[in-house]
Amino acid sequence: MNEKIELSLCDVLSLSKTPSERVTSLFELMQDHGQSFYDESVTQLEHALQAAHLAKTSHATMEQITAALLHDIGHFLMDEHDEQNHFLAEDWQHETVGAQQLAPFFGKAVTEPIFLHVPAKRYLCSVNADYFNGLSRASQRSYELQGGLMTDAEIAEFEQNPFHHTAVLLRRWDDGAKVKGLKVPDLQEYHTEVESCLEHS
């Protein structure tokens, strides 16, 4: 287990709870631990809500909306945020932590795009020379730590993943979800989508 993980989803999403209770507990975690700043513009929670809003207004699937809302849950679980001196000094692999913590409770249509949303940034930088210039300061800072440009072999491997199209969509929503002061719906807007994506057994 990653030694930097401070919170676990095992109790939050326990199968002893009803599906609705599980989503409520997950949203309480996000509310309680999402008030630190993701970057210079928005909090972790604001970023998640903006990403989900972009997905929903793009007529995305329930799985895609859920992935957008939860794509940075690894940051929440490791309490990794902009106010820490070591933030972005090393790669804590929040995408891997998030996907692994969610995997017992959600299918691959949710977890795989989350796992791939950092490689999707590397992919887009590799196939589109102008993409890097449109990234936020924080995303530019983390880019080299996360691996920089992909090799031709890495590009081919990424494109072979059946969820790579959703991962690219998620990356675009991620990039657009950093608008200071933007008013978007709160967590309860997504209760139905997240509950529908839960594994119930």
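This is a predicted model: local features need pLDDT of at least 70, side-chain atom pairs count only at pLDDT 80 or more; totals for chains, interfaces and linings use all residues.
Trainee: What makes up the secondary structure of the chain?

Mentor: There are 11 helices and 0 strands. Along the sequence the pattern is α-α-α-α-α-α-α-α-α-α-α.

Trainee: How many of the contacts join residues at least 24 apart?

Mentor: Of the contacts between residues at least 6 apart in sequence, 73% join residues at least 24 apart. As for cover, buried residues account for 52% of the 201 residues.

Trainee: Why is L69 called buried?

Mentor: The cut-off for buried is under 20% relative accessible area. L69 has 1% relative accessibility, so L69 counts as buried. The residue belongs to helix α4.

Trainee: What does L69 touch, leaving out residues up to four places away in sequence?

Mentor: L69 touches F27, M30, A48, L49, A52, L187, Y190 and V194. The C-alpha atoms of L69 and A52 are separated by 4.7 Å, although these two are 17 residues apart along the chain.

Trainee: Why is A48 called buried?

Mentor: A48 has a relative accessible area of 3%, and buried means under 20%, so A48 is buried. A48 lies in helix α3, residues 44–57. Beyond its neighbours within four places in sequence, A48 is in contact with M30, A68 and L69. From A48 to I73 the C-alpha distance is 8.7 Å, and the two are 25 residues apart in sequence.

Trainee: Which residues have the most contacts inside the largest nonpolar core?

Mentor: L9, L26, F27, M30, L69 and F106 have the most contacts inside this core of 37 residues. Helix α3 gives the most to the core, with 6 residues. A second, separate core has 13 residues, including L124, F158, A167 and V168.

Trainee: What is L9 in contact with, leaving aside neighbours within four places in sequence?

Mentor: L9 is in contact with L26, L29, L77, Q101, L102 and F105.

Trainee: Why is α6 described as largely enclosed by the rest of the structure?

Mentor: Because 8 of the 9 residues of α6 are buried. These are H94, E95, T96, V97, G98, A99, Q101 and L102. The buried residues of α6 pack against α1 (9–12), α4, α5 (73–78) and α7.

Trainee: How do you know whether C197 is buried or exposed?

Mentor: Set its value against the cut-offs: buried is under 20% and exposed is over 50%. C197 has a relative accessible area of 8%, so C197 is buried. C197 is in helix α11, residues 191–197.

Trainee: Which residues does C197 touch, not counting those up to four places away in sequence?

Mentor: C197 touches M62, E63, T66, F105, F106, G107 and V110. One of these, T66, is 131 residues from C197 along the chain, yet their C-alpha atoms are separated by 7.5 Å.

Trainee: Why does H59 count as exposed?

Mentor: Exposed means over 50% relative accessible area. H59 has 73% relative accessibility, so H59 counts as exposed. H59 is found in the loop between α3 and α4.

Trainee: What is the phi of H59?

Mentor: H59 has a positive phi of about 60 degrees, although H59 is not a glycine. Most residues other than glycine have a negative phi.

Trainee: What lines the largest pocket?

Mentor: Its lining has 15 residues, and L116, P119, R122, M150 and F158 lie nearest the centre. The space in the largest pocket is about 290 Å³. By class, the lining divides into 5 nonpolar, 4 polar and 6 charged residues.

Trainee: Which helices each supply at least two residues of that lining?

Mentor: They are α6 (94–102), α7 (108–127) and α9 (152–160). The largest share, 5 residues, comes from α7.

Notes. Residues are numbered from 1 along each chain as its sequence is written. Side-chain values use heavy atoms; hydrogens and water are left out. On a 1 Å grid over the protein atoms alone, a cavity is a set of points where a 1.4 Å probe fits but cannot get out, and a pocket is an open set with protein on both sides within 12 Å along at least five of seven lines; lining residues have an atom within 4 Å of a point. Grid points are joined across faces, edges and corners, and a volume is the space filled by probe spheres set on the points. Helices (H or I, at least four residues) and strands (E, at least two) are DSSP runs, numbered from the N terminus. Ala, Val, Leu, Ile, Met, Phe, Trp, Tyr, Cys and Pro count as nonpolar, Asp, Glu, Lys and Arg as charged, and the others, Gly among them, as polar. Buried means under 20% relative accessible area, exposed over 50%, partly exposed in between (1.4 Å probe, protein chains only). Contact means heavy atoms within 4.5 Å. A nonpolar core is a set of buried Ala, Val, Leu, Ile, Met, Phe, Trp, Tyr and Cys residues joined through side-chain atoms within 4.5 Å.
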